[in-house]
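Work through these exercises with the model open. Each task is followed by a stepwise solution.

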Amino acid sequence: MTKQTRVIAVSNQKGGVAKTTTTINLAASLALADQRVLVIDMDPQANLTSGVGQKDQSTEAGTIYDALTSDGIVARDFVLPTAIENLCLVPADRHLTGAEIELVSMPDRDQRLRKFVNALRGEFDFIFIDSPPSLGLLTLNALVAADSVLIPLNCEYFALEGIADLMSTLDRVRESLNPTLSVEGVLLTMYDDRTNLGQQVGGNIREYFGDKVFTTVIPRNVRLGEAPSHGVPVIVYDARSRGAEAYVALAREFLSRERSA
Ligand SMILES: Nc1ncnc2c1ncn2[C@@H]1O[C@H](COP(=O)(O)OP(=O)(O)OP(=O)(O)O)[C@@H](O)[C@H]1O
Ligand SMILES: [Mg+2]
């Protein structure tokens, strides 16, 4: 029996909480564990695209911008291979900013990505969608397309600020277009266990989200910050770093949760 594709949006409208870092490194760790993985860049900053070594690359058909704003496209044409076996990318570039505006006048404006993604189900075990730091139409498209949402939270004082807005957006999406959207998990990122603040914030988040919080915590690690400038996931850049080890552990926990779900 072939496994069903799981589509996961990595979302938090707060900027710089490690959405892209988590998308790249969880996806790469899963690909190295023989899972067929696709990552889709839904952020006009295109950090995901450059982080997997495909800066300014486009398919012959174009980027996710063209896939969202044109009719009669073939989804497979927008998939690029990466240097990592089993890891593919649908790239983005700056043009995607325009999609946020162009989509407004389209009748199925919040379901364009869902249609695109559904056409790729069956070809991958996991599809991760990296979202921009806003709750606009691009993020909405990601949430409507996804089976679940993975929420990275950085362990800083204001980590939970804005979470109520994200939760009410999830509720709205469930009430309308995607009734079965679930929370895949909440991930504590940039954790510094040497500070009381890190421990305290981590505690607050666990109180709020309960067992939705992954046991695996991602520590602050300079290698995670350096790897994107080399266009590779941290596991390729420095497999023995704490950052690489943490994302491998996350992939293991993620897979065992998937299997027991
Ligand atoms: N655990 C970590 N330790 C150290 N640096 C990290 C860690 N996680 C992410 N970073 C760095 O922090 C910055 C923000 O991370 P990232 O780009 O993944 O966040 P984001 O949520 O995708 O941001 P945006 O909202 O702008 O899309 C990046 O420079 C990244 O390299
Ligand atoms: Mg990002």
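**Exercise 1.** Is valine 52 buried or exposed?

*Solution.* This is a predicted model: local features need pLDDT of at least 70, side-chain atom pairs count only at pLDDT 80 or more, and totals for chains, interfaces and linings use all residues. Residues are numbered from 1 along each chain as its sequence is written, with chains lettered from A and ligands numbered from 1 in the order in which they are written.

Step 1. Take the cut-offs: a residue is buried if 20 or more other C-beta atoms lie within 10 Å of its own, exposed if 12 or fewer, and partly exposed in between, with C-beta atoms placed from the backbone.
Step 2. Valine 52 has 27 other C-beta atoms within 10 Å, so it is buried.
Step 3. Helices (H or I, at least four residues) and strands (E, at least two) are DSSP runs, numbered from the N terminus.
Step 4. List its contacts, meaning C-beta atoms, placed from the backbone, within 7 Å. Leaving out residues up to four places away in sequence, valine 52 touches Ile24, Val39, Thr82, Leu89 and Gly231.

**Exercise 2.** Examine the positive phi angles of alanine 46 and aspartate 56.

*Solution.* 
Step 1. Recall the background: most residues other than glycine have a negative phi.
Step 2. Alanine 46 has a positive phi of about 55 degrees. It lies in the loop between strand S2 (37-41) and helix H2 (47-51). With 24 C-beta neighbours inside 10 Å, alanine 46 counts as buried.
Step 3. Aspartate 56 has a positive phi of about 60 degrees. Its loop runs between H2 and H3. With 10 C-beta neighbours inside 10 Å, aspartate 56 counts as exposed.

**Exercise 3.** How do the axes of H1 and H11 cross?

*Solution.* 
Step 1. Axes are lines fitted to C-alpha atoms, for helices over the stretch in contact, and angles run from 0 to 180 degrees between N-to-C directions.
Step 2. The axes of H1 (residues 19-32) and H11 (residues 242-260) come within 8 Å and cross at roughly 70 degrees. That makes H1 roughly perpendicular to H11 (under 35 degrees is roughly parallel, over 145 roughly antiparallel, 65 to 115 roughly perpendicular, the rest oblique).
Step 3. Asn25, Leu26, Ser29 and Leu30 in H1 meet Tyr247, Val248, Leu250, Ala251 and Phe254 in H11.

Technical notes. Two residues are in contact if their C-beta atoms, placed from the backbone, lie within 7 Å.
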